[in-house]
Amino acid sequence: MTHEPEYLLVTEYFHPDTASTGQLMTDLAVGLNDRGLDMTVYTGQPNYHSGDNERQPTRSLHEGVLVRRIGAPQFRQTSLLRRLINWAAFTIWMTALLLVERVERERKLVFVTCPPFLPVAMWAVCTIRRWEYTYIAYDLYPDEPVELGYVPKDGLVHRAWEALDRRALLGAEHVVALGPVMKERISAKGGPSFDAEKVSIIHNWEDEEFITPMAKSDNWFSREHGLDEQFTVLYSGNIAEFHDLETLVRTAAELDGEDVQFLIIGEGDNKRRIVDLAEEHGLRGDVVRFLPYQPWEDLPYSLTSADVSVVAVKEGFEGIVVSSKLYTAMAAGQPVLTIAKEDDDEARIVTGFDAGIQAEQGAVEEVAVAIRRWKENPNLVDRQGANAREAFEERFVKDAAMDQYHKMLTEPSGRTVKA
């Protein structure tokens, strides 16, 4: 019997799912496996805006990693109700499986905060089975639903959920935060007895070979969609309630008639509201255009098709989420329009590397001034775009993140990793 531990990555999303979490967790499992850790993935069936994905086998290998998919029913995520059903089914099924499954050697769990209830469930499993676990915070709960108004602040559900999540943080061997602001929030959530030293800041990443800078004149996607002759501002990704695209659309209204085009690619719970807002201002089609998620093989072209990329975080979500599209935008070698508070994790990165311009939520005139500056000064676009790519290559490439995770998981307890 081998004495090497099995590292079990538990994630709702995994290849071939199109969710950014699934792509990142796929990279993580493969990267750690390539570095010598015995990785196994426990996941579900693809369900994230991925209607073309066929049902996957219950056991398979993906680039050398064993993938086990549970039999919980999964619905395509076309509504909040469907997502809640998926979350509950996945969490309950996974919890039951891990509690009763026979294990013949040491097992260490690694899980991400998706679904929202997973950290508490995995804490309970690991407490009962005496397993070591690593808590990767992609979103903070119950902070997110409280900010969105789904869970009343300081109500019974909030206080109970917060108390259980605190237990999960306290019991973790390692905790991963996506930035300094998120680490501060996690440390506060953990309470006075929480050891902040066990929180490692490991940023998300992008594949530097998959997304590379490309001139619009050389980009078939830009030509096909008429972006090569017009200054274009791009948002590409999940259109969720915590992404402040309202400010972007209102800025489009401010710039109407100034030969600036806004392209919004993606799907999500808040898309209907953003489309309605664009229609209300008479912008849809000419000034603000909408496209669905693009095929995976087209992403190197769609993500580099504009002049400026947008990262937008709703007010109140500082440290609760850190947008993974920031790293994709930087990989594309484009300036990043960051709609966020100046002390948010995304804003700190962009302004710290002079890789774009930050403006606060609702500051329509400020955002409009920034876009005019770029439009009238191509050299500024080139300089900040080059800065973005250079910073990305130095700090946010995939291999660097894999090395940080490997170091954290294999070094003695009490040592943290900072990007």
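How many bridges join strand β7 to β8, and do the two run parallel or antiparallel? In this predicted model, strand β7, spanning residues 174-177, is joined to β8 by 3 bridges. The two strands run parallel. Within this pairing, A177 stands opposite I201 of β8.

Both strands belong to an open sheet of 8 strands. The strand order is β3-β4-β2-β1-β5-β6-β7-β8. Pairing across the sheet is mixed. The edges are formed by β3 (59-62) and β8 (199-201), each of which pairs on one side only. From one strand to the next, the twist averages 25°.

Two helices are considered against this sheet. Helix α3, residues 118-129, lies across β1 (6-10), β5 (107-112) and β6 (132-136). Helix α3 runs at about 170° to β5. Helix α15, residues 398-410, also packs on the sheet. Its contacts are with β1, β5, β6, β7 and β8. The direction of α15 makes about 160° with that of β7.

Attention then turns to a residue of β4. V67 is placed in this strand, which covers residues 65-69. V67 counts as buried because its relative accessibility is 1%, against a cut-off of under 20%. Leaving aside neighbours within four places in sequence, V67 is in contact with F14, V41, T43, T58, R59, S60 and H62. Among these, R59, S60 and H62 fall within the 59-62 span of edge strand β3. I92 is 25 residues from V67 along the chain, and the C-alpha atoms of the two are separated by 19 Å.

Note on methods. Residues numbered from 1 in each chain as written. Predicted model: local features only at pLDDT ≥ 70, side-chain atom pairs only at ≥ 80, totals over all residues. Heavy atoms only, no water. Pairing = 2+ DSSP bridges. Helix = DSSP H or I, 4+ residues; strand = E, 2+ residues; numbered from the N terminus. Axes fitted to C-alpha atoms, helices over the stretch in contact; angles between N-to-C directions. Contact = heavy atoms within 4.5 Å. Buried < 20%, exposed > 50% of the residue type's maximum accessible area, 1.4 Å probe, protein only.
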